[in-house]
Amino acid sequence: MDKSNKSVINNLNKEYKQFSFDFVGKRKIFFIIIGVIFIVGIVSFFMRGFNWDIDFLGGAIMEYNINKDVTDGDLSKVKELVTETIGFEPSSVVKSGSPARQVVIKTKTINTDQRKEIFDVLSQEYTMTEDDIYISNNVDPTVGAELAKNTVIAVSLAVVLMLAYITVRFDFFSGVAAILCLILNMFVMLTFYSLLQIPMNVTVIAAFLTILGYSINAMIVIFDRVRENVKLKKGTGTAFAKIINESACQTLARSINTTITTLLTITCVYILGVSAIRAFALPLIVGIAAGLFTSVCVSGPLWDLIKPDKAKIK
């Protein structure tokens, strides 16, 4: 490289200013956002509750071939007819098959006569015979008390192990901050499901566990940069809050790029996938978006807030 090119690069380096943002100083704004989310979530939990699918509560499942490609309009029409017939909304109405010519209806437990009435009403709307009845029966919950208990144990154990790992690698207070952020991510996903009354089925459990792993990885990237900067700033008297801000800014591009590429992929899966895949992809989209906010804007400022030693790095 000739001297002129080196001179140009050196001049660019001198003029380059690293992006900076006072995440710690703006933490009140972030905490207000969290407070609003909690208020909306709690109100929704009490006012709207959750749309528990038959995976949790048991119920009836009916699958019919309507002998035409199922459209969103057909799903809305089927839901309306079922509601008029049995007096309450089904927990879910989705299409199935390839090509999608079947309608899968899930409701609370209903008797044989009610299931027959549903078929008769749909037969008047669509050209169907008894040969088009693929499934029509009540089912027991697939997520019983034992599985629910094991799920709670698994999540609790994962949280404890994460806390232990982060404590060893960084410090105890960073682990507490990370766990609180994970709880917030789970709360955001639950709020989303409650507000939109999306069916809560067995795929939600797998999605929650996936988000736990994804979110903790995003936070560890920032915490690792904090640890490196603490070593570099040792003896300079730099405030810990400033190191938090610098570390978050230095990893911001990585956090945003990783999240966007992941979201693009999962969004394509949600748009083009079958109903079972979409039920798994939807909570991932919400959880990953929430994870970006908590890892970048909340985890570091929260660590600085609960850290008892506010002395400068010596």
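1. Helices (H or I, at least four residues) and strands (E, at least two) are DSSP runs, numbered from the N terminus. On that basis the protein has 11 helices and four strands. This is a predicted model, in which local features need pLDDT of at least 70 and side-chain atom pairs count only at pLDDT 80 or more, while totals for chains, interfaces and linings use all residues. Residues are numbered from 1 along each chain as its sequence is written, and side-chain values use heavy atoms, with hydrogens and water left out.

2. Burial and contacts. Buried means under 20% relative accessible area, exposed over 50%, and partly exposed in between (1.4 Å probe, protein chains only). Of the 314 residues in the protein, 39% are buried. A contact means heavy atoms within 4.5 Å. Among contacts with a separation of 6 or more, 77% are between residues 24 or more positions apart.

3. The largest nonpolar core. A nonpolar core is a set of buried Ala, Val, Leu, Ile, Met, Phe, Trp, Tyr and Cys residues joined through side-chain atoms within 4.5 Å. The largest one has 49 residues, and Phe 23, Leu 182, Ile 216 and Trp 303 touch the most other members. At least two residues of this core come from each of helices H2 (27-47), H6 (145-169), H7 (172-196), H8 (202-232), H9 (240-250), H10 (252-272) and H11 (275-306). H11 gives the most, with 12 residues.

4. With neighbours within four places in sequence left aside, the contacts of Phe 23 are Phe 30, Asn 245, Ala 248, Cys 249, Val 296, Cys 297 and Pro 301. Another core, of 19 residues, lies apart from the largest one; Leu 75, Val 103, Ile 118 and Tyr 126 are among its members.

5. The largest pocket. On a 1 Å grid over the protein atoms alone, a cavity is a set of points where a 1.4 Å probe fits but cannot get out, and a pocket is an open set with protein on both sides within 12 Å along at least five of seven lines; lining residues have an atom within 4 Å of a point. Grid points are joined across faces, edges and corners, and a volume is the space filled by probe spheres set on the points. The largest pocket holds about 1,400 Å³ of space. It is lined by 45 residues, of which Ser 91, Ser 92, Val 93, Val 94 and Pro 199 are the closest to its centre. Two or more lining residues come from each of helix H3 (54-57), helix H4 (72-86), strand E2 (92-96), strand E3 (102-107), H7, H8, H10 and H11.

6. The second largest pocket, and lining classes. This pocket holds about 480 Å³ of space. Thr 151, Val 152, Val 155, Ile 205 and Phe 208 are the closest to its centre among its 20 lining residues, and H6, H7 and H8 are the elements that give two or more residues to the lining. For the classes, Ala, Val, Leu, Ile, Met, Phe, Trp, Tyr, Cys and Pro count as nonpolar, Asp, Glu, Lys and Arg as charged, and the others, Gly among them, as polar. The second largest pocket is lined by 19 nonpolar, one polar and no charged residues, whereas the lining of the largest pocket has 23 nonpolar, 13 polar and nine charged residues.

7. Aromatic pairs. Rings of Phe, Tyr and Trp (its six-membered ring) pair if their centres lie within 6.5 Å; planes under 30 degrees apart count as stacked, over 60 as edge-to-face and the rest as tilted. The structure holds 13 such pairs. Phe 170 and Phe 223 are edge-to-face, 5.9 Å centre to centre with 75° between the planes. Phe 170 is in the loop between H6 and H7 and Phe 223 is in helix H8, so this pair ties together parts 53 residues apart in sequence. Phe 170 is buried at 15% relative accessible area, and Phe 223 is buried at 0%.

8. Ser 299. This residue is in helix H11 and is buried, with a relative accessible area of 0%. Beyond its neighbours within four places in sequence, Ser 299 contacts Ala 177, Cys 181, Met 219, Phe 223 and Thr 294.

9. Backbone points to check. Most residues other than glycine have a negative phi. Asn 67, in the loop between strand E1 (59-65) and H4, has a positive phi near 60°. Gln 197, in the loop between H7 and H8, has a positive phi of about 55°.
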